[in-house]
Structures are given as C-alpha cells and as structure tokens.
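Work through the following exercises with the sequence and the model open side by side, and try each task before reading its solution.

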Amino acid sequence: MTKQRKNYSPEFKRKAIAMVVEQGQAATEVARSLGIHDGNLRRWVREQNEKKEMSFPGKGQQALTPDQQRIKELQGKSWAGQCRMTTELPL
C-alpha cells in the first residue's frame with residue numbers, strides 16, 4: 001500500500017514561515033503545532049529566502065522569471081516556425 005503524499009498550499013506555507021521568521025517561534029515548535037515535519041518547514045523558509053516571490057508556484061510548476069518566460073515564448077515560436085518550414089513542399 002503506497003502512502004499518499006501531502007500537498008500544502010502556498011498560503012499554508014507562507015503562514016508557517018511567518019510564524020518562524022516574523023514571530024520568532026522555533027521551527028520545531030511551529031512544525032509540531034501544525035502537524036508537519038520540521039525539515040519541510042526549514043526547507044520552505046530557505047526557499048522563501050532564496051526565491052522571494054518566485055517561491056511556491058504550486059502543484060509542481062516551476063516559477064519562471066520574466067526573462068525565462070520570454071525565452072520560453074520565443075522557443076515556442078521558433079519551434080512552430082520550424083514545423084511549418086518542414087511541411088512545405090518544394091516547387
């Protein structure tokens with residue numbers, strides 16, 4: 001029997017982080033009171049410090065910077081252009 005992986009919303013993570021960072025509570029105590037593993041909470045705090053507003057995009061989606069989004073858009077257009085070019089028949 002496989003164990004179901006728990007998913008926590010970005011709001012839940014941010015509230016838990018605030019309890020540690022803003023209120024100064026110990027990560028171990030906060031984790032215990034919320035019923036989560038303290039390693040998860042420490043990782044969330046670290047991610048929040050490293051990525052700021054780009055942290056916790058949700059459901060396994062990677063948050064992209066504006067530059068990364070633009071590159072992805074251009075790559076998509078480039079790929080679409082290549083597909084059109086390969087389907088054209090020479091005259």
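**Exercise 1.** Determine how α1 and α2 are oriented relative to each other, bearing in mind that the model is predicted.

*Solution.* Two packed helices are described by the angle between their axes and the distance between the axes. Begin with the angle, which for helix α1 (residues 10-21) and helix α2 (residues 27-34) is about 140°, while their axes lie 9 Å apart. Angles over 145 degrees would count as roughly antiparallel and those from 65 to 115 as roughly perpendicular; α1 and α2 are therefore oblique to each other.

**Exercise 2.** Which residues of α2 are buried, and which exposed residues does the face turned away from them carry?

*Solution.* First, taking buried to mean under 20% relative accessible area, one finds A27, V30 and A31 in α2. Next, look down the axis of α2: its buried residues fall within an arc of 100°, so they line one face of the helix. These buried residues pack against α1 and α3 (38-51), whereas the face of α2 turned away from the buried side carries the exposed residues R32 and S33. Finally, follow the chain past the end of α2, where G35 comes next with a positive phi near 75°.

Terms used:
Residues numbered from 1 in each chain as written. Predicted model: local features only at pLDDT ≥ 70, side-chain atom pairs only at ≥ 80, totals over all residues. Heavy atoms only, no water. Axes fitted to C-alpha atoms, helices over the stretch in contact; angles between N-to-C directions. Helix = DSSP H or I, 4+ residues; strand = E, 2+ residues; numbered from the N terminus. Parallel < 35°, antiparallel > 145°, perpendicular 65-115°, else oblique. Buried < 20%, exposed > 50% of the residue type's maximum accessible area, 1.4 Å probe, protein only. Arc of directions from axis to C-beta. Contact = heavy atoms within 4.5 Å.
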